[in-house]
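Student: I have a model open and want to go through it piece by piece. Can we start at the end of a helix and work from there?
Tutor: Fine, here it is.

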Amino acid sequence: MHRMLLVVLGSMLATMPVWSQGQPAQPPQIATTKVDGTDNVYIFRNGNHQAMFLVTSDGVIATDPVAYGRPQGGAAYVAEIRKITDRPIRYLIYSHHHFDHIAGGQAFKDAGARIIAHKRAKERLAVLQDPATVLPDEIMDRKKTITLGGTALELSFVGLNHSDSTLVMRLPKERIAFVVDLLPVGQMPGRGMIDFYPFEAETSIKQILAMDWERLIPGHPGPGGRLGTKRDVQDQLTFLQDASEAVKAPAREGRCWEPAENEVQLPKYANWPGYQANLQFVLRRYCALWGRGT
Ligand SMILES: [Zn+2]
């Protein structure tokens, strides 16, 4: 066989999708979908991370590059936007300072976007100088509304919660909220509990419940990719309160970190995806609160 043909065949085999080799179907690494019932609201997903972007007559408002550990992830996101519109990317909003959501912003900056984040995000990023994570151009404190091409995006800081820099993003006309990590949809929170603010988060969640919205886009896809509802948010709040209460008594008996971390169960939530693997991280956080004072 011709040498060049062999090379081509070899590279085809190497890039063959898993499903063609008799394995179960895998979702593609990257997918962009328009949110049902909207004209211009999109979700960009890269692996298990996702972000919202808005296409308006005057340009694009993007959020979270989601490119941690993916050096080409930011460029891939910009390329997905370019499949839909050639209008300028005006803004890139950081949901909070955690790298798994905001690494990869350089491609947006190169495209001309202005990067906006909460002031605390810039303070943290400035100290850490992560080479993959671009500092914001503009910071905000409690509230800001971006209006572009007839689309309004409201950014709100509702206090300490999953991080100390989380912005709740809300589309008042579309009644959609984009909230990253603070409100997992239909599943357990996990390792992200490590820097969680337990009491303040409950206050934040109650504020989000009081806002006017109908559907919630999470920063990690919900079961089957579904969006969240206020019921999901209430369930998450109840779960956190139940977990806190379940740890309080053993913590005061001196059973933290172990054995409380290994013994406490919350069977009401046993059917939530991630229950077995992630409950320990939730219990550890509440052990820190009730058994350590932090
Ligand atoms: Zn996070």
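Predicted model: local features only at pLDDT ≥ 70, side-chain atom pairs only at ≥ 80, totals over all residues.

Student: How far does α9 reach from its first C-alpha to its last?
Tutor: α9 reaches 24 Å with its 18 residues, close to the 26 Å expected at 1.5 Å a residue.

Student: Which residues in α9 are buried?
Tutor: The buried ones include Y275, L279, F281, V282, R285 and Y286. The buried residues of α9 pack against α6, α7 and α8.

Student: And α6, what span should its 13 residues have?
Tutor: They should span 18 Å at 1.5 Å a residue, and the end C-alpha atoms of α6 are 19 Å apart, which agrees.

Student: Changing topic. What coordinates the zinc ion?
Tutor: H96 through NE2, H98 through ND1, H162 through NE2 and D181 through OD, at 2.1 to 2.2 Å. Along the chain the donors follow the spacing H-x1-H-x63-H-x18-D.

Student: What parts does the pair H96 and D181 tie together?
Tutor: H96 sits in the loop between β5 and α3, and D181 in the loop between β11 and α6, so the pair ties together parts that are 85 residues apart in sequence.

Student: Is D181 buried or exposed?
Tutor: D181 counts as buried, at 18% relative accessibility. H96 also counts as buried, at 0%.

Student: What about phi at D64?
Tutor: D64 has a positive phi of about 25 degrees although it is not a glycine. D64 lies in the loop between β4 and α2 and is buried, with a relative accessible area of 0%. R175 is not a glycine either, and its phi is positive, about 55 degrees. R175 is in the loop between β10 and β11 and counts as partly exposed at 30% relative accessibility.

Student: Where is G228, and what is it in contact with?
Tutor: G228 is in the loop between β12 and α7. Leaving aside neighbours within four places in sequence, G228 is in contact with V185, W213, E214, R215 and L216. At 1% relative accessibility, G228 counts as buried.

Student: Last one: in which sense do β1 and β2 pair?
Tutor: Antiparallel, over five bridges. K34 stands opposite Y42 in β2. The two strands form a hairpin with six residues between them, and G37 in the turn has a positive phi of about 80 degrees.

Conventions. Residues numbered from 1 in each chain as written. Heavy atoms only, no water. Donors = N, O, S within 2.8 Å, 3.2 Å for Na, K, Ca; no water. Helix = DSSP H or I, 4+ residues; strand = E, 2+ residues; numbered from the N terminus. Buried < 20%, exposed > 50% of the residue type's maximum accessible area, 1.4 Å probe, protein only. Pairing = 2+ DSSP bridges. Expected span 1.5 Å × (residues − 1). Contact = heavy atoms within 4.5 Å.
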